[in-house]
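Try each task before reading its solution.

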Amino acid sequence: MKGEAYRPALAAITEAELYAALQSRPQGLTSSEAMERLRRLGPNRIEKTRGRPVVLKFIANFTHLMAVLLWIGGIVALLAELPQLALAIWTVILINGIFSFWQEYKAERAMDALQRLLPVHARVLRDGREERIDAGELVPGDILLLAPGDPISADGRLIEVHRLQIDESTLTGESRPVGKRS
């Protein structure tokens, strides 16, 4: 979420320290606290930026500083009457540019697919009772309730667990569920 740095130390502190650090409690946040945090920190969403056209992304792989230096190196090799070297240099630029573009393209498609997998709703404790909210309204300090088969709506720290196994295959490629503990 924007406005708040990731704190890896939260995984190593006690439950009481966790509630204190997140200014929360076992009954969850109040509705007014959650609304204030949502206003201040923004929604629990991966921001979709308006990307450059695909053609420009493709061309960028052949015009960055190192590629330009190699293009010039190829011209110098050609002027030195070493056409095989010039051709080899330019072939390397083309192969590298195509490979880099393809990797970037696949990464963008993976992010889009992951975005589509994110749940739309989440169950949380607010004002001491269970509520179903839009997953974009989750804020730091919310107590997220999970049941078998529920997709997870945000990063979080496990407080209470009973034989929990998580399918992380979309993130890690691991084919088996991974056991988790609080």
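**Exercise 1.** Is Trp-90 buried, partly exposed or exposed?

Solution. This is a predicted model: local features need pLDDT of at least 70, side-chain atom pairs count only at pLDDT 80 or more, and totals for chains, interfaces and linings use all residues. Residues are numbered from 1 along each chain as its sequence is written, and side-chain values use heavy atoms, leaving out hydrogens and water. Now apply the cut-offs: buried is under 20% relative accessible area, exposed over 50%, partly exposed in between (1.4 Å probe, protein chains only). Trp-90 has a relative accessible area of 23%, so Trp-90 is partly exposed.

**Exercise 2.** Classify the aromatic pair of Phe-58 and Phe-62.

Solution. Start with the rule. Rings of Phe, Tyr and Trp (its six-membered ring) pair if their centres lie within 6.5 Å; planes under 30 degrees apart are stacked, over 60 edge-to-face, the rest tilted. The count by this rule is five aromatic pairs. For Phe-58 and Phe-62, the centres are 5.0 Å apart and the planes make 65°, an edge-to-face pair. Next, check burial. Phe-62 has 11% relative accessibility, so Phe-62 is buried. Phe-58 has 33%, so Phe-58 is partly exposed.

**Exercise 3.** Which residues does Asn-61 contact, leaving aside its neighbours within four places in sequence?

Solution. Contact means heavy atoms within 4.5 Å. With those neighbours left aside, Asn-61 is in contact with Ala-67, Gly-97, Ser-100, Phe-101 and Glu-104. Asn-61 has 10% relative accessibility, so Asn-61 counts as buried.
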